[in-house]
Amino acid sequence: MQVHLDRVRCQGHGRCYVLAPAVFESDDDGYGIVVSTLAVNSEILPDLHDAARKGAANCPEDAITLTEG
């Protein structure tokens with residue numbers, strides 16, 4: 001699974017990094033970003049798939065896209 005967070009659509013609600021802190025974190029301005037150290041060859045580890053889905057499902061701006069591989 002690949003996780004993409006659209007920085008243009010993100011409005012900084014912070015739900016992704018509150019609900020799935022293993023996958024998402026806040027940048028210095030409070031906008032969500034994908035934790036950069038968790039991916040191997042752009043794929044996140046299988047143990048984090050449920051957390052990624054939870055963060056994406058709760059984004060009010062639909063700024064998170066998951067690509068199942």
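A polar contact is a pair of N or O atoms within 3.5 Å; within protein, one must be able to donate a hydrogen and the other to accept it, and residues adjacent in sequence count only if both atoms are side-chain atoms. The side chain of aspartate 27 makes such a contact with the side chain of arginine 7, at 2.9 Å.

## Basis

This is a predicted model, in which local features need pLDDT of at least 70, side-chain atom pairs count only at pLDDT 80 or more, and totals for chains, interfaces and linings use all residues. Residues are numbered from 1 along each chain as its sequence is written, and side-chain values use heavy atoms, with hydrogens and water left out.

## Overall fold

The protein chain has two helices and six strands. Their order from the N terminus is β-α-β-β-β-β-α-β. Helices (H or I, at least four residues) and strands (E, at least two) are DSSP runs, numbered from the N terminus.

The C-alpha atoms fill a box of roughly 25 × 20 × 20 Å along the principal axes. Of contacts between residues at least 6 apart in sequence, 56% join residues at least 24 apart. Contact here means heavy atoms within 4.5 Å. The chain exposes about 4300 Å², with 47% of it supplied by carbon and sulfur atoms. Accessible areas come from the Shrake-Rupley method with a 1.4 Å probe; for residues, only the protein chains shown count as cover.

## Core

Buried residues make up 35% of the 69 residues. Buried means under 20% relative accessible area, exposed over 50%, and partly exposed in between (1.4 Å probe, protein chains only). A nonpolar core is a set of buried Ala, Val, Leu, Ile, Met, Phe, Trp, Tyr and Cys residues joined through side-chain atoms within 4.5 Å.

The largest such core has 16 residues. Val3, Leu5, Val23, Phe24, Ile44, Ala52 and Ile64 touch the most other members. Strand 1 (2–5) and helix 2 (49–57) are the elements that give two or more residues. Helix 2 gives the largest share, three residues.

## Around aspartate 27

Aspartate 27 sits in the loop between strand 2 (24–26) and strand 3 (32–34). Its relative accessible area is 16%, so aspartate 27 is buried. Leaving out residues up to four places away in sequence, aspartate 27 touches Arg7 and Ile33. A polar atom of its side chain also lies 2.9 Å from the backbone nitrogen of glycine 30.

Glycine 30 is in the loop between strand 2 and strand 3. At 17% relative accessibility, glycine 30 is buried. With residues up to four places away set aside, glycine 30 touches Gly12 and Tyr17.

## Salt bridges

The whole structure holds three salt bridges. Each is a side-chain nitrogen of Lys or Arg within 4 Å of a carboxyl oxygen of Asp or Glu. Arginine 7 and aspartate 27 form one of them (2.9 Å, N to O). Arginine 7 lies in the loop between strand 1 and helix 1 (15–19) and aspartate 27 in the loop between strand 2 and strand 3, so the pair ties together parts 20 residues apart in sequence. Arginine 7 is partly exposed, at 47%.

Aspartate 50 and arginine 53 meet at 3.1 Å, N to O. They are three residues apart in helix 2, so about one helical turn separates them. Aspartate 50 is exposed at 58%, and arginine 53 is partly exposed at 35%. Arginine 53 also bridges to glutamate 68, with the closest N and O atoms 3.2 Å apart. Glutamate 68 is in the segment after strand 6, so this pair links parts 15 residues apart in sequence. Shared partners join Asp50, Arg53 and Glu68 into one network.
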